[in-house]
Amino acid sequence: MSTSTTTTPAGSAIAPRRRRADDVAGLGTARAGIFVAPALILIGLFLLFPAIWTIWLGMTDYRLTGLQAASPEFVGLDNYVEALTDPSFWNSLWLTLVFVVASGIVGQTLIGFALAWSVRNIHGWVKALIEGLVLAAWVIPASVASFLWLVLMDRRSGTLNGLLGTDGYAWLIEHPMEAIILFNIWVGTAFSMQLFSSALSAVPPSQIESAKMVGASGWQQLRDVIIPNIKGHILTNTLLITLWTFNTFTPYLVTAGGPNGKTEILSVYIYETAIPGGQLGLGAAISLIMLLINLVIALAYIRVSRGRKKA
Amino acid sequence: MTATTATVRKVAANTSVRHYLARVAFGLVLTIVGLLFALPLVWLVLAPFDATPSLSLQWPDWTLDNFARLFQNPYAMRSIGNSLLLGIGTMIIVVVLGALAAYAMSRIRIPGRDGILYGLLLLSSIVTGTAAMVPTFQIITSLGLINTYTGVLLVLAGGILPTVIFILKDFMDSIPKSYEESARLYGAGPFRILRDVVVPIARPGLAFIAIWTIVQVWGNFLVPFILLRSPDLQPAAVLMYTFYTESGQADLRLISAFALLFSAPVLIIYFVVNRRYGFRFHGGIKS
């Protein structure tokens, strides 16, 4: 070991660039293939194949039980026609949009930014406490987090009713959508907070100083110095949050899509249709729509991050 | 002259009052937001230590009996064991396969390598647990792997591997190649080099991936919820849900202690690891 450390730096400095020996271990392409294959096969079988299989499954009348379970038939685009003419599908899509915009794009991003902005100049325990609380909400397992919210909003003896003096008020029945939106903000804000924290710390202090010198107010500094500097982070954050919020299944643990489908966002709708409902074919058709929406968001994300690297 | 100084003073006084009020308002809002985030968590911290926990917040009648009872509850303890089994099992698959793949990709110009890497990452962010639950469920059912750990492990590992390969490849790229070159000069074969040279150097990266994977699997609800049927096999994430939905009268002494026990490892890992590694830890994909 000692010889290698003494010889190599000198060696690499003197020797002209050889036909670059990337393959320092003498792996060879064939053996490299063997190294890569198990991982790629696993990903291919359990990630890529399901996505492709959805296309076929969505064009069959596959069911969990009964005749169609044994010998499903090809039904073409019937499932899509059925989904697109079903008001409950459109209802679910609308609820998803409201959920993503309100809890993800507006709630998590704004509160996350506001928190990062507020604690940026504070040090010590206040900052640690606030960040710690927000982070704890994010790392706690989803099934625990949802139970904590059921406790909070319980009709008879929940903390919320106790604090507001609204004993017996059933929040989850009267305001189910607002409840899962707030729940999701509570769970997810930590990501935006941390992303914006690191973005804000990268803003050149000299720019803020000169803005202060010319007498810019806090709001003007934010608008003219901070936001232009972290524009890339805002876009990244928005797209990732959109993708994750769109795909979350956790609200199911709080309201189970109810009451009467009032919180049946797309992920819950797919689950209800396909697994308890047994209509795997129809569920797959809706899944494909979801996969395509994911694809659009992910491609937008790639474009944004590529543009940022070039700039 | 005097008039202008008076106005200047007045303006100064005004701005300092406004400044002061703004500080107070700011402090107040921050406190309220902090309290709102704390509110659901307080129950998790207090109720497990209360002899008679209820759904409302109350100062506990301190006791550790709830934990003593929890440790004797066969379902609860088995589910924690199941979660460990799934977490460690996935971790082993992902670390071994991920390290092999990442190493080969880092050292060999496989045609279209960068395309494959970005393609994999794109794939794993599009094909999420929710979007792929129907085909996954159907495939696992037809393979006869429903209600088995094999099915759950394969699905979890397949979903996590792209991110793992991506992070590990970055890590392997940063390892100087000189060590491998000299090991090779001494006649070591590729497997030997990987085992005795690369793995020891890459240990921090591998450890990071191992912990990250366990945290991901520990909290994962959807995959085991869909693929496992028998109560004996359920991990803690699913049992927690079963506890509060299926038991007629919820046993709050059991549930509260269980919730805390189940959350503690990730809270500890997170707050310890976060101190050390900073933000990167949760920058990954969480679904």
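Colleague: What makes a feature count here, and how are residues and chains labelled?

Modeller: This is a predicted model, in which local features need pLDDT of at least 70 and side-chain atom pairs count only at pLDDT 80 or more, while totals for chains, interfaces and linings use all residues. Residues are numbered from 1 along each chain as its sequence is written, and chains are lettered from A and ligands numbered from 1 in the order in which they are written.

Colleague: What makes up the secondary structure of chain B?

Modeller: Helices (H or I, at least four residues) and strands (E, at least two) are DSSP runs, numbered from the N terminus. Chain B comes to 12 helices and 0 strands. Of its 287 residues, 42% count as buried, a term that asks for 20 or more other C-beta atoms within 10 Å of the residue's own, with exposed meaning 12 or fewer, partly exposed in between, and C-beta atoms placed from the backbone.

Colleague: How many residues does each chain bring to the contact between chains A and B?

Modeller: The contact takes 78 residues from chain B and 76 residues from chain A, where two residues are in contact if their C-beta atoms, placed from the backbone, lie within 7 Å. On the side of chain B that touches chain A, helix α1 (residues 2–46) of chain B gives the most, with 10 residues. By class, that side of chain B has 54 nonpolar, 17 polar and 7 charged residues, with Ala, Val, Leu, Ile, Met, Phe, Trp, Tyr, Cys and Pro counted as nonpolar, Asp, Glu, Lys and Arg as charged, and the others, Gly among them, as polar.

Colleague: Why are α7(A) and α11(B) called roughly parallel?

Modeller: Helix α7 (residues 142–152) of chain A and helix α11 (residues 236–246) of chain B pack at an angle of about 25°, with their axes 9 Å apart. Axes are lines fitted to C-alpha atoms, for helices over the stretch in contact, and angles run from 0 to 180 degrees between N-to-C directions. Angles under 35 degrees count as roughly parallel, over 145 as roughly antiparallel, 65 to 115 as roughly perpendicular and the rest as oblique, so α7(A) is roughly parallel to α11(B). The contact is made by A:Ser143, A:Val144, A:Phe147 and A:Leu150 on one helix and B:Ala237, B:Met240, B:Tyr241 and B:Tyr244 on the other; by class it has 7 nonpolar, 1 polar and no charged residues.

Colleague: What makes the peptide bond between A:Gly258 and A:Pro259 worth a remark?

Modeller: Most residues other than glycine have a negative phi, and most peptide bonds are trans. A cis peptide bond joins A:Gly258 and A:Pro259, with omega about -10°, and A:Pro259 is in the loop between α14 (251–255) and α15 (266–274) of chain A. That loop also holds A:Ala256, whose phi is near 55°, a positive value in a residue other than glycine, and A:Asn260, where phi is likewise near 55° and positive.

Colleague: How do you know whether A:Ala256 is buried, exposed or partly exposed, and what of A:Asn260?

Modeller: A:Ala256 has 15 other C-beta atoms within 10 Å, and is therefore partly exposed. A:Asn260 has 9 C-beta neighbours inside 10 Å, so A:Asn260 counts as exposed.
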